[in-house]
Amino acid sequence: MTNPATNASPSSSPYTLHGLPSTGLIMGTWGFFIGFAAVSLYGPAAKYFQEQMQLSGVALGMLLAAPQLTGSLFRIPFGAWVDRVGGRAPMLTLLGLSLLGMWGLVFILYAVPEITARHYPLVVFFGFLSGFGVASFSVGIPQVSYWYPQRRQGTALGTYGGLGNLAPGLFTLALPFAIAGWGLAGSYLAWFLFLLIGTLVYAIWARDAYYFQLRKQGASPEASRKIAAAHGQELFPRETVWQAIIAAAEEPRTWGLVALYFTSFGGFLALTVWFPIYWANLHQMSILTAGLLGGVGFSLLAAVIRIYGGVLSERFGGERTALLAFSVVLVGALLLTFIVDFRINLLGEILIGLGMGVGNAAVFKMVPKYVPEAVGGASGLVGGLGAFGGFLIPPELGATVDALGKAGYAGGFFAYVVLAIMAIGVCWYFIRLDAKARG
């Protein structure tokens, strides 16, 4: 859709604006969905890689977490880059790099008849490269935020995060079936083709918010703000990439949000790849059943509930919603840590999924509220450093298995007990800040 807009100066030429907030939300969510699927790159096939390469718990955890390293660290610069050029160019860059990683993985699987321990560094490297798509989250957050007014941030970002977060669960669920039908190489080839087509769809239809369109058409920052504001845009970026990051880093409340997101989203990433191997090795489930339990019982549940988490955050406030969410995570973690029973552990998985899904939405409801002058920079820091938990936690879970044997699959969840207690304390800090602001 096209909307004519004129500059404040009568002598200037009119500018043409494309797209609507709904377009920005749909395409931002689509880019996030196709890139974020890389979270599950190795999780559903973990048992295959573990057996073929004879991996220790730590080595397996590192392989599972490989996409999370680039997917977390590169959220920071790419999220801030949005504040300079809009979301389209950063998103396409990330998806292009992820395509290279997927192609490399497909190539080695077709070229090498049997994957062994000597191929481990190469497989991990392609995981790192594919993980650039995971960083799409911090690009899509400001891309969507700049399209919507403050009063609709919770619903818009909850929808974005919820639908985009469906990708790991769907791929965790589908990949074991694909492997059974097409083999490992054929399954990853199909994934590569999906990512390629999805990237082309995004390139054709994605649009940046009005301010960035105007800047690209040569309008001054002042005129761009004025025209975009007249068309409903409320949030505007700083003029330099690192200024946005520095401004966000200088705000102490940013680091409280990082701590919360490390637990909710970093924890979500880690468990998305860990639950399939947990169910397979501790409870002796088949790979297909383990993928079903991890994909539906955790990843998809957390993704869907994130949508409602955005609605709850708008109604009750992000601070109180987060407190409830992390309390639920604590209960689930306790059940998984101290009891080894299928039904109890399934309940624990469901509770953690519910808590993390709602918590993810609640945290990003608070980002524009507490760091409104640098949404992109804050999104990069919170999304990047918070998601770093997805890289750090799986090796810790694997190390616990190496130390305790089979019992380590349960004992490793004590880390989530500690993280949940820490997050609850941070939530009380934000509740006090909110109460003080309200007077």
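Visitor: W191, buried or exposed?
Guide: W191 is buried, at a relative accessible area of 4%. Buried means under 20% relative accessible area, exposed means over 50%, and partly exposed is in between, with a 1.4 Å probe and protein chains only.

Visitor: What am I looking at, and how are things numbered?
Guide: This is a predicted model, in which local features need pLDDT of at least 70 and side-chain atom pairs count only at pLDDT 80 or more, while totals for chains, interfaces and linings use all residues. Residues are numbered from 1 along each chain as its sequence is written, and side-chain values use heavy atoms, with hydrogens and water left out.

Visitor: How many aromatic pairs are there in the whole structure?
Guide: The search finds 38. For F171 and W191, the ring centres are 4.5 Å apart and the planes are at 45 degrees, so this pair is tilted. The rings of Y188 and W191 have centres 6.0 Å apart and planes at 15 degrees, so that pair is stacked. Rings of Phe, Tyr and Trp (its six-membered ring) pair if their centres lie within 6.5 Å; planes under 30 degrees apart are stacked, over 60 edge-to-face, and the rest tilted.

Visitor: What does A37 touch, apart from its sequence neighbours?
Guide: Leaving aside neighbours within four places in sequence, A37 is in contact with A167, P168, F171 and W191. Contact means heavy atoms within 4.5 Å. A37 itself lies in the loop between α1 (21-36) and α2, and at 0% relative accessibility A37 is buried.

Visitor: How far is A37 from G57?
Guide: They are 20 residues apart in sequence and 23 Å apart in space, C-alpha to C-alpha.

Visitor: Back to α9. Which residues does L173 contact?
Guide: L173, in helix α9, contacts G291, L292, G295, V296 and L300, with neighbours within four places in sequence set aside. Its C-alpha atom is 25 Å from that of G96, 77 residues away along the chain.

Visitor: Different topic. How many helices and strands in the protein?
Guide: The protein has 20 helices and 2 strands. Its radius of gyration is 21 Å, close to the 22 Å from the globule rule for 439 residues, so the protein is as compact as a globular protein of that length. The radius of gyration is taken over C-alpha atoms, and the globule rule is 2.2 Å times the number of residues to the power 0.38.

Visitor: What box do the C-alpha atoms fill?
Guide: Roughly 75 × 55 × 30 Å, along the principal axes. Of the 439 residues, 61% count as buried. Among contacts between residues at least 6 apart in sequence, 82% join residues at least 24 apart.

Visitor: What is the phi of Q54?
Guide: Phi of Q54 is near 55 degrees, a positive value in a residue other than glycine. Most residues other than glycine have a negative phi. Q54 is in the loop between α2 (46-53) and α3 (57-73), and Q54 is exposed, with a relative accessible area of 65%.

Visitor: And the phi of Q284?
Guide: Near 60 degrees, also positive in a residue other than glycine. Q284 lies in the loop between α13 (252-282) and α14 (287-316) and counts as exposed at 55% relative accessibility.

Visitor: Which helix holds I431?
Guide: Helix α20, residues 414-438. I431 is buried, at 9% relative accessibility. Beyond neighbours within four places in sequence, I431 is in contact with E319, R320 and L323. I431 and K369 are 62 residues apart in sequence and 13 Å apart in space, C-alpha to C-alpha.

Visitor: Last one: how many positive and negative side chains?
Guide: There are 24 positive and 17 negative side chains, and the centres of the two sets lie 6 Å apart. Lys and Arg count as positive, Asp and Glu as negative, and His and the chain ends are not counted. The place of a charge is NZ of Lys, CZ of Arg, CG of Asp or CD of Glu.

Key:
Helix = DSSP H or I, 4+ residues; strand = E, 2+ residues; numbered from the N terminus.
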